[in-house]
Amino acid sequence: ALLKDKRDFVYIHVEAPDEMGHQGNTMHKVKAIEEIDEKILTVVKKALDDAGEAYRILVLPDHPTPICIRTHTSEPVPYILFDSTCVKNQKIAFSEKTAAQSGIYQPDGYRLLDELIQ
């Protein structure tokens, strides 16, 4: 849609990790996240790279669903904002722990769209 239909914004919501959190299934939650990386993010990133387009990708859950309690919480969520024009060779895990350690925090989640669409 981004390349063929000349769209400049696409929203993709995948429910699988949340559902696995509700089921308390750690193995399947990890697998769901890995499949999002492999089958969605990698594919979209490669297509945009191959097209030579500048782009930004925002990746985040809509809310935490910890395996240990199997329900939603109101804790902050980690997010990654990738900008193809400002690539850094950093290998940092994407987790609640590393997000908290980063000191980067957006209390009003809807403001992340402002950061995405600068």
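**Fold order.** I read the protein chain along its sequence and got α-α-β-β-α-α. That is four helices and two strands. Helices (H or I, at least four residues) and strands (E, at least two) are DSSP runs, numbered from the N terminus. The model is predicted: local features need pLDDT of at least 70, side-chain atom pairs count only at pLDDT 80 or more, and totals for chains, interfaces and linings use all residues. Residues are numbered from 1 along each chain as its sequence is written, and side-chain values use heavy atoms, with hydrogens and water left out.

**Overall numbers.** I boxed the C-alpha atoms along the principal axes and found roughly 45 × 30 × 25 Å. Of the 118 residues in the protein chain, 14% are buried. Buried means under 20% relative accessible area, exposed over 50%, partly exposed in between (1.4 Å probe, protein chains only). I then took the contacts (heavy atoms within 4.5 Å). Among those in the protein chain with a separation of 6 or more, 52% join residues 24 or more positions apart.

**H1 against H2.** I checked helix H1 (residues 16-23) and helix H2 (residues 26-51): their axes come within 8 Å and cross at roughly 175 degrees. H1 is therefore roughly antiparallel to H2. The cut-off for that word is an angle over 145 degrees. Axes are lines fitted to C-alpha atoms, for helices over the stretch in contact, and angles run from 0 to 180 degrees between N-to-C directions.

I listed the contact next. From H1 come Ala-16, Pro-17, Met-20 and Gly-21; from H2 come His-28, Lys-29, Ala-32, Ile-33 and Ile-36. By class, this contact has six nonpolar, two polar and one charged residues. Ala, Val, Leu, Ile, Met, Phe, Trp, Tyr, Cys and Pro count as nonpolar, Asp, Glu, Lys and Arg as charged, and the others, Gly among them, as polar.

**Buried side of H1.** Which residues in H1 are buried? They are Pro-17, Asp-18, Met-20 and Gly-21. They lie on the same side of H1, because they cover an arc of only 165 degrees around the axis. I took that arc from the directions from the helix axis to the C-beta atoms. H2 is included in what covers them. After H1 comes Gly-24, with a positive phi near 70 degrees.

**Cysteines.** How many disulfides does the structure hold? I found zero; a disulfide is a pair of cysteine sulfur atoms within 2.5 Å. Cys-68 is exposed at 73% relative accessibility. Cys-86 is partly exposed, at 45% relative accessible area.

Key
Parallel < 35°, antiparallel > 145°, perpendicular 65-115°, else oblique.
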